[in-house]
Amino acid sequence: GGSVTLTATNNAAYTYVWRKDGNIIGGATLSNYVANASGTYSVTVSSGACSSTQSVVVSVVTAPFASVTPAGPTTFCDGSNVVLNGDAGSSYTYQWYNNAVLINGATNPTYSATASGNYTVKVSAGSSCEATSSAVAVTVNESPSANVTPATVTSFCDGGSVILNASAGTGYSYQWYRNGSLIAGAALSAYTATTAGTYTVTTTLATCSRTSTGTNVTVWANPVVTVNPTTVTIEKYQTQVLTASGAVTYNWDLQPALINASTNTGTFKPLTTTNYTIQGTDANGCKGTANATIVVIGCGDVSNITATAYSPSRVIVRWINPAGSSTDTLQYRKVGSPSWTRVFVSGQEFEINGLTPGANYEYNVIALCSTTTVFLPSSTRLFNTPALNGDTYIRLFPNPVMGASKLEIITSSSFTLQVTLYDNSGKKVMIVSPTENLPAGQVIKPINTAILQSGIYHLAININGKTQHLTMIVAH
């Protein structure tokens, strides 16, 4: 499609004959000739009888054909590419352009396009023949950002969580994955991770999407804490040691009724049944709990228990109650008896009457309180009642008398009794006991001396027809 002008020396006195491949070219008689076909061209220049011939070889090269063939879709998301193929043959050279602007270094038969634009390729044969392809339009759509930003640390204890935030953008949609597996329903810009694994998010904008790099979440197991004993029963005012294991530190200081504690043990003195929740913390700061119960029974120990015999049938028992207790049950029985006699006592002493003279008894005291429903007796103790010295025992107590007095009579057999009170002049003052028949054992007759003036009085005690006298002093 090209041509070349062959020019010989120009002189008006010369004549010219042009030949192609030795054949005269008709009409070619000028000093120049335009050649457009391959061949050996010569010109014979004559001046008079003299002539000279020169020749040149002309080669016509076939013009290259330039075209661009995409190897894939020309519309794609950024971060991807399309290979454009402009290969016309190995004997050609190439230069790629985007929007008619030369792309530096793009001189291969193919070009990997990553940006939008109209791409062309110029194919050259030698230094003079070239062809430029038609443009191929490439459209690169914007892809969304895909980054994960944890709101807090990504290592935590079982039961904890971390919020993973994806990149935000207008029109973005999301899908979260754990260890490469889709998390059903996790389609928001944030995801709360509670399980260990590698989390990624795929962010989509229109037809473009991008997947983040993985974010590792570590979940530490909580320690398995144990406490021994889990349930134990103690008496009130006693102490109990609880021993914990499975963690590094424990919340002993927050427990009720703590006496002291070491790393793994706590000593407690609860006054009522108490439930304990022991929390242990491991080296990662993770926590586990275990429960224990200290059951408290009884009201504490009764102390300083004494039994004093005041007669063969009368004993006074005294004791000191533990703190928080003001009432008691006193129980006693003859040694060998199968059943107890129980009395409710408000205070810290009780007078037992009607005992058998010369007998062995066992007894204990049960403190009562409002902090338990299980009451424990003191250790069982013994006392002995004195034997009767003869068949009859008579005692007036107290004497001297401040307000009231009692006459105690103990006999070994049934008897008839009559008691009369006289003043010091021998005048009858009152009948303490009319004549009555009584069984063997103890009889206590109260004497109201509040109506008497201070002074000396005499009791006439008639037992089975025999009278005994006791002097009574009244001192108001």
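Visitor: Which hand does the disulfide of Cys-77 and Cys-208 have, and why?
Guide: This is a predicted model. The torsion about the S-S bond of Cys-77 and Cys-208 is about -95°, so their disulfide is left-handed. The sulfur atoms of Cys-77 and Cys-208 lie 2.0 Å apart.

Visitor: Where in the chain do Cys-77 and Cys-208 sit?
Guide: Cys-77 belongs to strand β8 (residues 75-77) and Cys-208 to strand β23 (residues 208-211). The two cysteines are 131 residues apart, and the pair links distant parts of the chain.

Visitor: Is Cys-77 buried or exposed? And Cys-208, buried or exposed?
Guide: Cys-77 has a relative accessible area of 17%. Residues under 20% are classed as buried, so Cys-77 falls in that class. Cys-208 is buried as well, at 1% relative accessibility.

Visitor: How many disulfides does the structure hold?
Guide: It holds three disulfides. Another of them joins Cys-157 and Cys-286, with 2.0 Å between the sulfur atoms. Its torsion about the S-S bond is -90°, and the link is left-handed. Cys-157 is in strand β17 (residues 155-157), whereas Cys-286 is in the loop between β31 (274-281) and β32 (287-297), 129 residues apart. Both cysteines are buried.

Visitor: What about Cys-299 and Cys-369?
Guide: They form a disulfide, their sulfur atoms 2.1 Å apart. This link is left-handed too, with -90° about the S-S bond. Cys-299 lies in the loop between β32 and β33 (303-311), and Cys-369 in the loop between β38 (360-368) and β39 (381-384), so the pair ties together parts that are 70 residues apart in sequence. Cys-299 and Cys-369 are both buried.

Visitor: What is the pairing if the bonded cysteines are numbered in sequence order?
Guide: The pairing is then 1-3, 2-4, 5-6.

Visitor: Switching to cores: which residues touch the most other members in the largest nonpolar one?
Guide: That core has 21 residues, and Leu-407, Leu-459, Ile-461 and Met-472 touch the most other members. Several strands each supply at least two residues of the core, including β41 (404-411), β45 (455-463) and β46 (466-474).

Visitor: What does Met-472 touch?
Guide: Leaving out residues up to four places away in sequence, its contacts include Leu-396, Val-401, Leu-421, Ile-447 and Tyr-457. Asn-399 and Thr-449 are also among the residues that Met-472 touches.

Visitor: What lies apart from that core?
Guide: There is another core, of 19 residues, among them Ile-305, Val-317, Leu-330 and Leu-355.

Visitor: On to salt bridges. How many does a search of the whole structure find?
Guide: The search finds eight. One of them joins the side chains of Arg-318 and Glu-349, at 2.9 Å from N to O. Arg-318 lies in strand β34 (residues 314-320) and Glu-349 in strand β37 (residues 349-352), so this pair ties together parts that are 31 residues apart in sequence. Arg-318 is partly exposed, at 30% relative accessible area, and Glu-349 is partly exposed at 45%.

Visitor: What does Glu-436 pair with?
Guide: Glu-436 forms a salt bridge with Lys-445, and their closest N and O atoms are 2.5 Å apart. Glu-436 counts as partly exposed at 22% relative accessibility, whereas Lys-445 is buried at 16%.

Visitor: Lastly, the sheets. What order do the strands have in the open sheet of three?
Guide: The order is β7-β9-β12, with antiparallel pairing. β7 (69-70) and β12 (110-113) stand at the edges with a single partner strand each, so one side of each is left without a neighbour in the sheet. Strand β9 (residues 82-85) is joined to β12 by four bridges, and Val-83 stands opposite Ser-112 in β12.

Visitor: And which strands pair with β19?
Guide: Strand β19 (residues 172-178) pairs with strand β22 (residues 197-205) in the antiparallel sense over seven bridges. Gln-175 stands opposite Thr-202 in β22. β19 also pairs with strand β20 (residues 181-182), antiparallel, over two bridges. In the hairpin of β19 and β20 there are two residues between the strands, and Asn-179 takes a positive phi near 50°.

Terms used:
Residues are numbered from 1 along each chain as its sequence is written. This is a predicted model: local features need pLDDT of at least 70, side-chain atom pairs count only at pLDDT 80 or more; totals for chains, interfaces and linings use all residues. Side-chain values use heavy atoms; hydrogens and water are left out. Two strands pair if DSSP finds at least two bridges between them. A disulfide is a pair of cysteine sulfur atoms within 2.5 Å. Buried means under 20% relative accessible area, exposed over 50%, partly exposed in between (1.4 Å probe, protein chains only). A nonpolar core is a set of buried Ala, Val, Leu, Ile, Met, Phe, Trp, Tyr and Cys residues joined through side-chain atoms within 4.5 Å. Contact means heavy atoms within 4.5 Å. A salt bridge is a side-chain nitrogen of Lys or Arg within 4 Å of a carboxyl oxygen of Asp or Glu.
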